[in-house]
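Hi there,

Here is the structure I promised to pass on to you. Have a look at it first, and then read my notes below.

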Amino acid sequence: MNGVNYLAGEKELCVCPLPVYSEEAISFLSDFSEVLMKIPESRRYPDIMSVAFWCRKSNIIKLKNVRQDKEYRIGRGLAFHIAPSNVPVNFIFSYFFALLAGNASVVRVPSKPFPQVSLICKTLQEVLERHPEIKRQSLFISYPAQDELTAKLCAKADLRIIWGGDQTVTNIRHFAVKPKCIDVVFADRYSICALNGDAIFRCEKKEINRLAERFYNDTYLMDQNACSSPQLVLWKNGRDEARKCFWKAVGEYAASHYTLQEMTAIDKYIRLCEDAIDRQEIFSVLHEYGNILYRGQLSSLPIDSAETLRGKGGYFYEYDWRKIEELRDLVDEKYQTMTYYGFEPEELRKIVIENRLRGIDRIVPVGSAMDIGIIWDGYDMVGMLSRIIQVE
C-alpha cells in the first residue's frame, strides 16, 4: 500500500478468530507488560507506565474471571481501528480490547508524532516476534489522510473502532462496509467533576495536596484534551474556604509541574475573550498563578454546556450545584465521566439512573478519569467486539 508506514505486526494478516481472553492473548500481553516496564525511557511517560500496568497478567486474569460467558464467545473477525490524534496511548488500548475479544486488528495510529507511539510500537514489534499467533493477526500502520486506502480497509473490516471528533466519525461512516460490520464509536464527549465542599473543608493539608495532584493528573496532563478530562466543576456545599483551599493546592501543584505551551496559552486566552463576549452566565473569571489557572464562575448552567464550556490548559468552569434537577436539565448524551470527591459513588449512580439522565457513563474518584477499562463510554468492549456461540 503506497504511503503506508508499517510500524509493527504482519503485513499479510491472517484473520482467524480466537476465543475471548485466549491463552495466546494473555501470554502476549503479559510479556508486553514486562518488557515495557523494563525500558528506562518508559518511566518518562506516565501514560506508558499505565499501559504496562494495565496489561500485566494479574489484571487480565482478573478481568477474565469476572466474565461469566467467556466459554461461549469468540472474536468477530478483523477490527479496523482509527485512533484519536489527541491522546497518544488510546490506540494501544483499542487494540487490547479487540485482542482480548478474539479479533485480528489493523490499527491506524495517531498521525501526530508522539514519542509514546514510537516507543510502544517498537516494543510491540519486539514482543510480537515471540508470539507468532498474535503477530499474524496484528498490524500497526500510519498514513496521511487518504480516502482510497481508508475505504479499502473499511471494506475488509468486520468491526470498525472509531475514535475522534464527531466530524471524524461522520467521515468514516461514509465508507462502505460489509453488511454485518459493527461500528463502535467514540465521538466528542464531555466530562465534569463533583466536589463536596464540606468534605474538602475537613481535610488536612496533606490530603488536600493529594487531591490536587489527582485533579492535576485528570486535567493538566492532557491539557484537558481527553474526553474524560473534567471541564466543569460542580460544587456541593461550596463554601469559600473549601474552594480557596482546593484551588490554591491545584494552582501550586500545577505551577511546579506544568509547562504551558505557547499555542495552548493562545487558545486559552482566546477562549477567555470569547467567554467574556458570548457567555452571560460567566459573572467572573479568576486568573491565578500567572497564566496557569483560570476559573470561570457561573451564575447558571447553560443547556449547551457540553458544546460551549470547554477549557484548555488549566481553564475550568465552576458552579454551585444546589438541586438535582439542574443535572437533569444539563446532562445529555455528550456527557461521559463524572469524577467525584466527598460523595458516595452509589449516591451519584442513583442520581443518574433515577433521573433518567441521557449521559454520564462513568463515575470515578478524582484521579481516575484517565483510567481506561474494558467498560468504556458505556460499552462492554469485549462483549461488543465478540459474538456468542449459542447452543440449545
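Six strands form an open sheet with mixed pairing, in the order S1-S5-S4-S3-S6-S7. Strand S1 (5-9) and S7 stand at the edges and have a single partner strand each, so one side of each has no neighbour in the sheet. From one strand to the next, the twist averages 15°. H5 packs on this sheet, touching S1 and S5, and its direction makes about 45° with that of S1. Axes here are lines fitted to C-alpha atoms, for helices over the stretch in contact, and angles run from 0 to 180 degrees between N-to-C directions. Strands count as paired if DSSP finds at least two bridges between them. The helices (H or I, at least four residues) and strands (E, at least two) are DSSP runs, numbered from the N terminus.

Before going on, please keep in mind that this is a predicted model: local features need pLDDT of at least 70, side-chain atom pairs count only at pLDDT 80 or more, and totals for chains, interfaces and linings use all residues. Residues are numbered from 1 along each chain as its sequence is written, and side-chain values use heavy atoms, with hydrogens and water left out.

Within the sheet, strand S4 (residues 104-108) and strand S5 (residues 138-142) run parallel and are joined by 4 bridges. Val106 has Leu139 in S5 as its bridge partner. Strand S3 (residues 78-82) also runs parallel to S6, with 4 bridges between them, and Ile82 is partnered there by Ile162. On to S7: 5 bridges join S6 to S7, again in parallel, and Leu159 has Ile182 as its bridge partner in S7. S6, helix H8 (residues 166-172) and S7 make a right-handed β-α-β unit. Right-handed means that, with the strands pointing away from the viewer, the path from the first strand over the helix to the second runs clockwise.

How much of S6 is buried? The strand is mostly covered, with 5 of its 5 residues buried (under 20% relative accessible area; exposed is over 50% and partly exposed in between, with a 1.4 Å probe and protein chains only). Leu159, Ile161 and Trp163 point one way from S6, while Arg160 and Ile162 point the other way.

Now to the cores. A nonpolar core is a set of buried Ala, Val, Leu, Ile, Met, Phe, Trp, Tyr and Cys residues joined through side-chain atoms within 4.5 Å. The largest one has 55 residues, and Phe91, Ile92, Tyr95 and Phe96 touch the most other members. Among the elements that each supply at least two residues of this core are helix H1 (23-38), helix H2 (46-54), helix H4 (90-100) and strand S6 (159-163). H4 gives the most, with 9 residues. Ile92 is in contact (heavy atoms within 4.5 Å) with Val51, Ile120, Leu124 and Phe140, leaving aside its neighbours within four places in sequence. A second, separate core of 28 residues includes Leu234, Ala306, Tyr340 and Leu357.

Strand S11 (residues 293-298) has 6 of its 6 residues buried, so the strand is largely enclosed by the rest of the structure. Leu293, Arg295 and Gln297 lie on one side and Tyr294, Gly296 and Leu298 on the other. S11 pairs with strand S10 (residues 282-288) in the antiparallel sense over 6 bridges, and Glu288 has Leu293 as its bridge partner. The hairpin of S10 and S11 has 4 residues between the strands, and Tyr289 takes a positive phi near 55° there. S11 also runs parallel to strand S12 (residues 315-320), with 4 bridges, and Gly296 is partnered by Tyr317 in S12.

Best wishes
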